[in-house]
Amino acid sequence: MNWEKIFRKVRVLTIFIFNVSIIFGIIQAEELDMRRVQLIIKNEIYQVELEENQATQALLEILPLKINMQELNGNEKYGMLTKSLPKGKKVSGKIEVGDLMLYGDDCIVLFYKEFYTPYSYTRLGKIVDKKKLEKNIDKRDKILEVVFSK
């Protein structure tokens with residue numbers, strides 16, 4: 001048995017595995033960036049983790065986007081799109097702070113309070129820093145300018 005040949009093979013294999021793991025890590029990071037967008041609300045930046053569905057793909061295609069969102073029910077802000085998005089799997093029930101949803105095919109809704117609803121939505125994503133959103137937005141904000149960007 002030649003230990004030098006075995007050592008060279010192990011070293012080559014180790015280098016190969018290391019390079020593959022680096023490439024895989026870069027791909028994962030790029031995929032994560034593709035599934036995140038930023039919202040700017042009242043000069044605060046929020047990261048949104050997007051769902052993987054046709055509605056979010058269509059949303060990404062129309063970014064950057066500025067929407068004036070209006071207050072509704074003391075728990076949400078909604079704004080109308082100028083372009084329809086594909087409807088996806090409908091969800092209802094528990095709404096959490098930071099949920100970003102599509103109502104119908106042209107109404108984006110951002111929830112800033114937790115509650116239960118019988119209405120159906122297409123899930124677009126979730127704001128990562130929910131506590132910051134809760135502190136920054138409430139029903140006194142009758143109209144908010146919200147900027148969506150990649």
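This is a predicted model: local features need pLDDT of at least 70, side-chain atom pairs count only at pLDDT 80 or more; totals for chains, interfaces and linings use all residues.

Trainee: Okay, and where does Pro64 sit?
Mentor: You'll find Pro64 in the loop between α2 (54-61) and β3 (65-72).

Trainee: How far is Pro64 from Val147 in sequence and in space?
Mentor: In sequence they're 83 residues apart, while their C-alpha atoms are 7.3 Å apart in space.

Trainee: Let me zoom out. How many helices and strands does the protein have?
Mentor: There are three helices and nine strands. Going along the sequence, the pattern reads α-β-β-α-β-β-β-β-β-β-α-β.

Trainee: What share of the residues is buried?
Mentor: Of the 150 residues, 35% count as buried. As for the accessible surface, it comes to about 9700 Å², and carbon and sulfur atoms account for 55% of that.

Trainee: New topic: strands. Which residues are on the covered face of β1?
Mentor: On β1, residues 36-41, the covered face has Val37, Leu39 and Ile41. Arg36, Gln38 and Ile40 are on the uncovered one.

Trainee: How many bridges join β1 to β2?
Mentor: Six, and the two strands run antiparallel, with β2 covering residues 44-50. Within that pairing, Gln38 stands opposite Gln47.

Trainee: What about the turn in that hairpin, which residue takes a positive phi?
Mentor: That's Lys42, with a phi near 50°. The hairpin of β1 and β2 has two residues between the strands.

Trainee: And how many bridges join β1 to β9?
Mentor: Four bridges join β1 to β9, which is residues 143-149, and that pair runs antiparallel. In β9, Phe148 is the bridge partner of Leu39, and Leu39 belongs to the covered face of β1.

Trainee: Last one: among contacts between residues at least 6 apart in sequence, what share joins residues at least 24 apart?
Mentor: For the protein, that share is 62%.

Technical notes
Residues are numbered from 1 along each chain as its sequence is written. Side-chain values use heavy atoms; hydrogens and water are left out. Buried means under 20% relative accessible area, exposed over 50%, partly exposed in between (1.4 Å probe, protein chains only). Two strands pair if DSSP finds at least two bridges between them. Contact means heavy atoms within 4.5 Å. Accessible areas come from the Shrake-Rupley method with a 1.4 Å probe; for residues, only the protein chains shown count as cover.
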